[in-house]
Amino acid sequence: IRENYPDYFPAAQLYYKSMYNKGNSEKVEGIYKQILNSNEDIKEDILNFFIDKEDIDKSEEVYSVIQNTR
């Protein structure tokens, strides 16, 4: 799906999460930036993902992006 529909944010989000869980999130930094520029639902979901993972730095970054777009 990622190859055929690169702007399909749910697939990008799922792929990013799987790479994050494997410890390879730095390899998909471009996808993370896409997620930060996506719709509010996707951003809020990734925020909750980082909160669950107790990644304070990423949580703060996403929260800041959400606040700046409101």
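This is a predicted model: local features need pLDDT of at least 70, side-chain atom pairs count only at pLDDT 80 or more; totals for chains, interfaces and linings use all residues.

Trainee: OK, packing. At what angle do helix 3 and helix 4 pack?
Mentor: About 160 degrees, with the axes 8 Å apart. Helix 3 covers residues 40–52 and helix 4 covers residues 56–68. Helices here are DSSP runs (H or I, at least four residues), numbered from the N terminus. The axes are lines fitted to C-alpha atoms over the stretch in contact, and angles run from 0 to 180 degrees between N-to-C directions.

Trainee: Roughly parallel or roughly antiparallel?
Mentor: Helix 3 is roughly antiparallel to helix 4. The classes are: under 35 degrees roughly parallel, over 145 roughly antiparallel, 65 to 115 roughly perpendicular, and the rest oblique.

Trainee: Which residues make that contact?
Mentor: From helix 3, Glu40, Lys43, Glu44, Ile46, Leu47, Phe50 and Ile51. From helix 4, Lys58, Ser59, Val62, Tyr63, Val65 and Ile66. Contact means heavy atoms within 4.5 Å.

Trainee: How many are nonpolar, polar and charged?
Mentor: That contact has 8 nonpolar, 1 polar and 4 charged residues. Ala, Val, Leu, Ile, Met, Phe, Trp, Tyr, Cys and Pro count as nonpolar; Asp, Glu, Lys and Arg as charged; the others, Gly among them, as polar.

Trainee: And how do helix 2 and helix 3 pack?
Mentor: At about 125 degrees, again with axes 8 Å apart. That makes helix 2 oblique to helix 3. Tyr32, Ile35 and Leu36 of helix 2 meet Ile42, Lys43, Ile46 and Phe50 of helix 3.

Trainee: Switching topic. How many salt bridges are there?
Mentor: The count is 2 salt bridges. The rule is a side-chain nitrogen of Lys or Arg within 4 Å of a carboxyl oxygen of Asp or Glu. Asp45 pairs with Lys17 at 2.6 Å, N to O. Asp45 is in helix 3 and Lys17 in helix 1 (residues 9–21), so the pair ties together parts 28 residues apart in sequence.

Trainee: Is Lys17 buried or exposed?
Mentor: Lys17 counts as buried, at 18% relative accessibility. Asp45 is partly exposed at 31%. Buried means under 20% relative accessible area, exposed over 50%, partly exposed in between (1.4 Å probe, protein chains only).

Trainee: What about the other bridge?
Mentor: Glu40 bridges to Lys43, with the closest N and O atoms 3.3 Å apart. Both lie in helix 3, 3 residues apart, about one turn of the helix. Glu40 is partly exposed at 28%, whereas Lys43 is buried at 3%.

Trainee: Where does Ser25 sit?
Mentor: In the loop between helix 1 and helix 2 (29–36). Ser25 is buried, at 15%. Not counting residues up to four places away in sequence, Ser25 touches Tyr16, Met19 and Tyr20.

Trainee: Last one. Where is Ile1?
Mentor: In the segment before helix 1. Ile1 is exposed, at 64%. Leaving aside neighbours within four places in sequence, Ile1 contacts Pro6, Tyr8 and Ala11.

Definitions and conventions
Residues are numbered from 1 along each chain as its sequence is written. Side-chain values use heavy atoms; hydrogens and water are left out. Helices (H or I, at least four residues) and strands (E, at least two) are DSSP runs, numbered from the N terminus.
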